[in-house]
Amino acid sequence: MGDEISHRHFEADDFSQFRHNLDSETRQLEAMFANQRFSPRGDILGFELEACIVDSVGRPAAMNQKLLEVLSNPLVVPELAEFNVELNGSPVSVTGKVFSRLHDELKTTWTACREGARNCNSRLISIGILPTVQLDFLDSSHMSDMVRYQALNDRIIALRDGAPMHIAIRGSDELLMQHEDVMLEAVTTAFQVHLQSKPENSVLDFNASLVASAPIIALSANSPFLFGKSLWCETRIPLFEQAIDVGEKYPPRVGFGTGYANDSLFEIFQENQSIHPILIPYVQNEPRDKFAHLRFQNGTIWRWNRPLVGFDYDGQPHIRVEHRVIPSGPTILDCVANCAAYYGLVRGLTALKEPIERKIPFSTARNNFYAAAKDGMDANVVWTEGEIPVRKLILDWLLPMAKEALEEIEIPASEVEKYLGILRARTETGQNGASWQRAWIEKHGGDFDGLVRTYIDLQETDQPVHTWPLQ
């Protein structure tokens, strides 16, 4: 779904041809899974970082095209709204100082974006939900000038028979509202980690990603405010799910999924083909083994952990897991520490003698995820021995397990300590992005413009959020 399309409106023949191609490519993929014909390469990480452009006051600045023209950087692309951009990274093998390499690349791109924004009299912010966004920026007139976004909005509204989106989120405050299009999704920005899996590990990696989602979101929560209301620690989760709701007649396009993978990740792709209606029937003249229609369909179903088909530099197809749980921000250093936590937890969980999915039922992993999204590091979750505060679970079991797993694959001890040490300190202090934002507002009153300006000033130091003062 990341590629632009050439037209917005479609005929019945487009749906028929797209369906034919999707079914054919799904059969081709089934044969590839059955015969293990994927790239043997694995343990490769990549990322996407979504960000917002704001003005000198701290409010959205609808100028991503101007910024992109100034940057002229293929790694930086538009997102849904005119005040959004996305920064992409190169795939990196998990060897040596892998997280430092990720940090260096992302920081270089981020610095170039910051300088470009400054030249446009604006600033860039990496935050799960921009607290200053208001409804007048969330209509179709502020949608990025890309046909795929317009077509996506058309089709979702059509599936809903024109009915508005219903938003109901209850935290310390309550948000009840309706919205006429998909633009509320533009408020939700993420740091998405991609893990390319070896074929023999892909089921274990995917299931471990599901289980790891709760502690990861507790650690990284950074989205407590929307329209002046204090909601979930990671309000991005319920907001995204409700902003792209296709109605009661169809399965949700955004969610935690329907279960663990059992024998093969093909089960997920088959579900995409069989139970989800086609959103955008964009027919492409590509050979079947490029999976153009399967990948496009997959790109319109936003599981919080979703398997993807991609291609290595030499054209070999591969399978990777896109972990969409982590919010954007607070700093580049925090983002990379979150990535280290994710990879370390996946490797630790997959190294267990008994697969973690046999100890933690899928329904429990799902309930843990939403509990952690709502309550952050104050959440209680259910683990192998019963209910436990998530901070205690992270400190006593998960971080030591991740440390052992990373050192086992010969990541230098200094590298492991640098990034996991940030997470340990964050957990010990209880200060992630969400708790810092709430504490700042409690101290300074409802000055969300001031919150954003202070946040950006601290973000630009690249010092981890657990060290941020309430200045």
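Phe-227 has a positive phi of about 55° although it is not a glycine, and I found it in the loop between β9 (225-226) and β10 (229-230), with strands (E, at least two residues) and helices (H or I, at least four) taken as DSSP runs numbered from the N terminus.

I note that this is a predicted model, in which local features need pLDDT of at least 70 and side-chain atom pairs count only at pLDDT 80 or more, while totals for chains, interfaces and linings use all residues. Residues are numbered from 1 along each chain as its sequence is written, and side-chain values use heavy atoms, with hydrogens and water left out.

I then looked up Asp-161, a residue other than glycine whose phi is positive, near 55°. Asp-161 lies in the loop between α4 and β6 (165-170) and counts as exposed, at 61% relative accessibility.

Next I turned to the aromatic rings. The structure holds 19 aromatic pairs, a pair being rings of Phe, Tyr and Trp (its six-membered ring) with centres within 6.5 Å, stacked if the planes are under 30 degrees apart, edge-to-face if over 60 and tilted for the rest. One of them joins Phe-83 and Phe-137 edge-to-face, 6.1 Å centre to centre with 80° between the planes. This pair links distant parts of the chain, 54 residues apart, with Phe-83 in the loop between β2 (76-78) and β3 (84-88) and Phe-137 in the loop between β5 (123-125) and α4 (147-159). I noted Phe-83 as buried, with a relative accessible area of 1%, and Phe-137 as buried too, at 18%.

For the helices, I looked up α5 (residues 202-220) and α11, which pack at an angle of about 110° with their axes 10 Å apart; axes are lines fitted to C-alpha atoms, for helices over the stretch in contact, and angles run from 0 to 180 degrees between N-to-C directions. I therefore recorded α5 and α11 as roughly perpendicular to each other (65 to 115 degrees, against under 35 for roughly parallel, over 145 for roughly antiparallel and oblique for the rest). The contact (heavy atoms within 4.5 Å) is made by Pro-215, Ala-218 and Leu-219 of α5 and Val-390, Ile-394 and Leu-398 of α11.

Technical notes. Buried means under 20% relative accessible area, exposed over 50%, partly exposed in between (1.4 Å probe, protein chains only).
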